[in-house]
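Dear colleague,

I am handing over the structure we spoke about, and below it I set out what was found in it. Please look through the sequence and the 3D view first, and then read on.

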Amino acid sequence: MRPTKDVCKWDHYYINNYNFQTYSYGKNRSTMNYGVSVKGVDGVEYYGILEEVIELTYLGNGCLYKTILFKCDWFDSINGLNVHQHYKLVHINHMRKYPKYDPFVLAYQATKVCFALYPSMKNDINHKWAVFKIKTRATIDAQTDETPF
């Protein structure tokens, strides 16, 4: 299989029952849909902001295969992440970026999160954001057998 020269970019994308939007598309909207979370192979939860949605097309055996990539700006989840002991509230230092260049993740691996200013009365926490995990949109698993009532 080989990639084609056709590449599509999207401002928003719906996958895994989440509606993701890029930062440039959603920054002035009333809802925030550009927060992304991915669990790494090392067990660490990585948080970031969705920058681009890229659709790659591969050609092989006479068929077209499409892959969706999310390009994200990741925060440092090793040194910039803290969890409140009592409330289990996750907060991240949004000024600390992930030190390695590894911006891409497959779209089906991503879950959506929302960032908000960390609730504190102290002024030294201005660079921290609270992380809220978003539940997927409601889906109904209905049985589809043809038996009459």
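**Charged pairs**

The side chains of E52 and K9 meet in a salt bridge, with 2.4 Å from N to O; the term stands for a side-chain nitrogen of Lys or Arg within 4 Å of a carboxyl oxygen of Asp or Glu. Because E52 lies in strand β5 (residues 45-60) and K9 in strand β1 (residues 2-10), the pair ties together parts that are 43 residues apart in sequence; strands here are DSSP runs of E with at least two residues, numbered from the N terminus. This is a predicted model, in which local features need pLDDT of at least 70 and side-chain atom pairs count only at pLDDT 80 or more, while totals for chains, interfaces and linings use all residues. Residues are numbered from 1 along each chain as its sequence is written, and side-chain values use heavy atoms, with hydrogens and water left out.

K9 counts as exposed, at 57% relative accessibility, where buried means under 20% relative accessible area, exposed over 50%, and partly exposed in between (1.4 Å probe, protein chains only). K9 and E52 also belong, together with K71, to a network of salt bridges.

The search of the whole structure finds four salt bridges. Among them is the one between E45 and K39, at 3.9 Å from N to O, in which E45 counts as buried at 16% relative accessibility, whereas K39 counts as exposed at 56%. Another joins K97 and D73 at 3.5 Å, N to O, and links distant parts of the chain, since K97 is in the loop between β8 (90-93) and β9 (104-106) and D73 is in strand β6 (residues 63-74), 24 residues apart.

**Aromatic rings**

The whole structure holds seven aromatic pairs, that is, rings of Phe, Tyr and Trp (its six-membered ring) whose centres lie within 6.5 Å, called stacked if the planes are under 30 degrees apart, edge-to-face if over 60, and tilted for the rest. One of them is the edge-to-face pair of F75 and W129, with 5.9 Å centre to centre and 90 degrees between the planes. F115 and W129 form a tilted pair, with 5.5 Å centre to centre and 35 degrees between the planes. Both F115 and W129 are buried, and F75 is buried too, with a relative accessible area of 1%. Elsewhere, Y18, F20 and F70 form one aromatic cluster.

With kind regards

Key:
Helix = DSSP H or I, 4+ residues; strand = E, 2+ residues; numbered from the N terminus.
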